[in-house]
Amino acid sequence: MWIPYEYILESADASLSTALESVVDETLTPFMPPSCSNSNVIGFACNISFRPCDIYPYCQNFGTCQNDRNTSRGYLCECKPGYNGTDCENDLRPCKSNICLYGGTCVNLNDIQFFCNCTEGRTGVHCETQIDYCYNVTCLNKGICQSLPFDYTCRCTSSSFSGRHCENIARSVIVYQYVSKAFAFIAILALTIVAGFIIIMDVLKYGFGIDPVREERDRLRRRRLQLARNNHQNRPNKHIHRRCLGTIMMALQWKRHRKRESLDDEYSTEITTS
């Protein structure tokens with residue numbers, strides 16, 4: 001005889017449920033805790049507190065829990081300064097975690113203001129800025145100031161300078177500076193003297209009609225005129241010498257020509273005779 005599989009499962013479930021119900025009815029009895037005269041405690045000995053603040057620390061951030069049956073939660077939290085909320089969960093203090101950077105210490109001034117006590121070398125509201133130790137520091141002789149973590153140093157641009165602020169100058173540089181200043185002073189003095197002399201001469205000439213160099217200028221003019229006159233007088237003599245030289249040359253040439261003709265005549269006579 002064939003029996004469906006579904007019928008077997010339903011019959012097994014029904015048999016199991018009936019067996020469990022009979023076991024529960026025979027072995028288990030309902031738990032009824034004893035009633036305590038004080039409603040704030042429970043347990044067989046009535047020694048376990050049933051008040052919320054005694055069961056669990058609801059108040060955070062070191063708040064004080066107070067049992068109050070008149071509230072819906074059965075307790076109230078008395079918060080420390082700078083915290084609020086039902087369970088003191090809201091932190092209202094100005095100083096928060098890592099609000100002061102680089103190891104700075106936060107100090108609460110009041111409920112809304114704070115102050116960061118920064119470590120050495122840092123400044124700013126949150127200690128975010130490194131102190132510039134080169135501020136108001138002047139490095140002499142074109143030195144360059146470099147800020148360090150807790151100090152500064154002046155880097156001199158030449159080996160001729162040294163010192164904290166490059167204030168020490170080498171002896172050779174000092175000598176060179178003195179010599180340069182001396183030459184510059186002499187040049188300025190010479191230019192001043194020349195300019196002053198020219199100004200004085202102009203004032204005497206055009207202001208008072210006095211020309212201190214007139215006699216010397218006239219003497220030079222007379223000398224130039226005399227030299228020009230002498231040159232003019234010597235020019236004819238030069239022409240005469242040139243003419244005499246030309247006549248002598250012509251006479252010599254004529255003499256040579258006559259001698260050549262006489263030799264030709266003698267040669268012709270000899271040829272004819274022979």
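This note sets out points on the disulfides and the nonpolar core of a predicted model.

1. Overall count. The predicted model holds 9 disulfides. A disulfide is a covalent bond between the sulfur atoms of two cysteines.

2. Cys118 and Cys127. These two cysteines are joined by a disulfide, with 2.0 Å between their sulfur atoms. The link is left-handed, at -90 degrees about the S-S bond. Cys127, with a relative accessible area of 1%, is buried.

3. Cys134 and Cys145. A disulfide also connects Cys134 with Cys145, at an S to S distance of 2.1 Å. The bond between Cys134 and Cys145 is left-handed, with -90 degrees about S-S. It links distant parts of the chain, 11 residues apart: Cys134 is in the loop between strand 10 (129-130) and strand 11 (144-147), while Cys145 is in strand 11 itself. Cys134 counts as buried because its relative accessibility is 14%, under the 20% limit. Cys145 has a relative accessible area of 24% and is partly exposed.

4. Cys156 and Cys166. The sulfur atoms of Cys156 and Cys166 form a disulfide, 2.1 Å from S to S. The torsion about this S-S bond is about -105 degrees, so the disulfide is left-handed. This pair, too, links distant parts of the chain, with its members 10 residues apart. Cys156 is in the loop between strand 12 (152-155) and strand 13 (161-162), and Cys166 is in the loop between strand 13 and strand 14 (168-169). Cys156 is partly exposed, its relative accessible area being 27%. Cys166 is buried, with a value of 0%.

5. The nonpolar core. In soluble globular proteins, nonpolar side chains tend to be buried together. The largest nonpolar core in this model consists of 6 residues: the cysteines Cys53, Cys59, Cys77 and Cys88, together with the tyrosines Tyr75 and Tyr83.

6. Surroundings of Tyr75. Tyr75 belongs to that core. When neighbours within four places in sequence are set aside, Tyr75 is in contact with Pro52, Cys53, Tyr58, Cys65, Gln66, Asn67, Asp68 and Asp87. One of these contacts, Cys53, is also a member of the largest nonpolar core.

Terms used:
Residues are numbered from 1 along each chain as its sequence is written. This is a predicted model: local features need pLDDT of at least 70, side-chain atom pairs count only at pLDDT 80 or more; totals for chains, interfaces and linings use all residues. Side-chain values use heavy atoms; hydrogens and water are left out. A disulfide is a pair of cysteine sulfur atoms within 2.5 Å. Buried means under 20% relative accessible area, exposed over 50%, partly exposed in between (1.4 Å probe, protein chains only). Helices (H or I, at least four residues) and strands (E, at least two) are DSSP runs, numbered from the N terminus. A nonpolar core is a set of buried Ala, Val, Leu, Ile, Met, Phe, Trp, Tyr and Cys residues joined through side-chain atoms within 4.5 Å. Contact means heavy atoms within 4.5 Å.
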